[in-house]
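Dear colleague,

I am passing on the structure we spoke about, and below it I have set out what I found when going through it. Please read the notes with the structure open beside them.

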Amino acid sequence: MPNQPDNPWGEPISSYTRAQAIADGVLVDLTTATDDKGQRLCPQAGFKVPVAITRTAWAQTIEAGGSWKRDGEGEVLELKGGQSLTGRLWDLLWMLRAASGKAANSDRVHFQVLVDVDGDGRREAVSLWALCGPGDDAQPVITIMAVGED
């Protein structure tokens, strides 16, 4: 009997890793995001695995209504109405955590984040979903996406 390949579909033509997606800016790594005191937000919100968000979901929730400005140390996201990058990240992570607690025995969860684009207190609901699956090293990772992304 001829040798059977380990993979019946053959060798992959190419692969695109999570690390490459983060390096390319397709994904934004939230795992190392910190608050104003330098404390990591993901562990504060209860996440023990790496968390990333797609650039589209990032634009709809974190950057919405803001603009990037240069300061002495790099770029800073300026948001209207006293909002902050840290505050928006915390809202996103907390809403994901709350939805995850209700989604036992599932690798995906759908949730919404309220975003105040104009800084006037009127919030728009942005629908998102997150998937927990294997990362580049087969360890669990979470990826937050806009509805329609996969």
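In what order do the elements of the protein chain run from the N terminus on? The order is α-β-α-β-α-β-β-α-β-β-β, which comprises four helices and seven strands; helices (H or I, at least four residues) and strands (E, at least two) are DSSP runs, numbered from the N terminus.

Two remarks on provenance come before the details. This is a predicted model, in which local features need pLDDT of at least 70 and side-chain atom pairs count only at pLDDT 80 or more, while totals for chains, interfaces and linings use all residues. Residues are numbered from 1 along each chain as its sequence is written, and side-chain values use heavy atoms, with hydrogens and water left out.

Overall picture

The C-alpha trace of the protein chain spans about 70 × 40 × 30 Å along its principal axes. Of the 150 residues in the protein chain, 32% are buried, where buried means under 20% relative accessible area, exposed over 50%, and partly exposed in between (1.4 Å probe, protein chains only). Taking contact to mean heavy atoms within 4.5 Å, residues 24 or more positions apart account for 47% of the contacts with a separation of 6 or more. The protein chain carries 14 positive and 21 negative side chains, and the centres of the two sets lie 7 Å apart; Lys and Arg count as positive and Asp and Glu as negative, with His and the chain ends not counted, and the place of a charge is taken as NZ of Lys, CZ of Arg, CG of Asp or CD of Glu.

The core

The largest nonpolar core has 31 residues, and those with the most contacts inside it are L30, L92, F111 and I144; such a core is a set of buried Ala, Val, Leu, Ile, Met, Phe, Trp, Tyr and Cys residues joined through side-chain atoms within 4.5 Å. At least two residues of this core come from each of α2 (41–44), β2 (51–54), α3, α4 (85–101), β5 (108–115), β6 and β7, and α4 gives the most, with five residues. Leaving aside its neighbours within four places in sequence, I144 is in contact with residues including L30, L92 and F111, and also V51, I53, A57 and L128.

T61 lies in helix α3 (residues 55–61) and is buried, with a relative accessible area of 2%. Its side chain reaches the backbone oxygen of A57 at 2.7 Å, and, beyond its neighbours within four places in sequence, T61 is in contact with I53, R88, L92, V115, V126 and L128. The C-alpha atoms of T61 and A125, which are 64 residues apart along the chain, are separated by 9.3 Å. A125 is found in strand β6 and counts as partly exposed at 46% relative accessibility; not counting residues up to four places away in sequence, A125 touches Q112, V113 and L114.

T31

T31 lies in the loop between β1 (27–29) and α2. The side chain of T31 makes a polar contact with the side chain of D29 at 2.8 Å, a polar contact being a pair of N or O atoms within 3.5 Å, of which, within protein, one must be able to donate a hydrogen and the other to accept it, and residues adjacent in sequence count only if both atoms are side-chain atoms. A polar atom of the T31 side chain also lies 2.9 Å from the backbone nitrogen of V51.

W68

Strand β3 (residues 67–71) holds W68, which is partly exposed, with a relative accessible area of 35%. A polar contact of 2.7 Å joins the side chains of W68 and E63, and W68 touches W58, E63, E75, V76 and L77, not counting residues up to four places away in sequence.

Is A138 buried or exposed? A138 is exposed, with a relative accessible area of 56%, and its place is in the loop between β6 (124–134) and β7 (140–146). A138 has a positive phi of about 70° although it is not a glycine. V147, in the segment after β7, is likewise exposed, with a relative accessible area of 55%, and, leaving aside its neighbours within four places in sequence, V147 is in contact with S127, L128 and W129.

With best wishes
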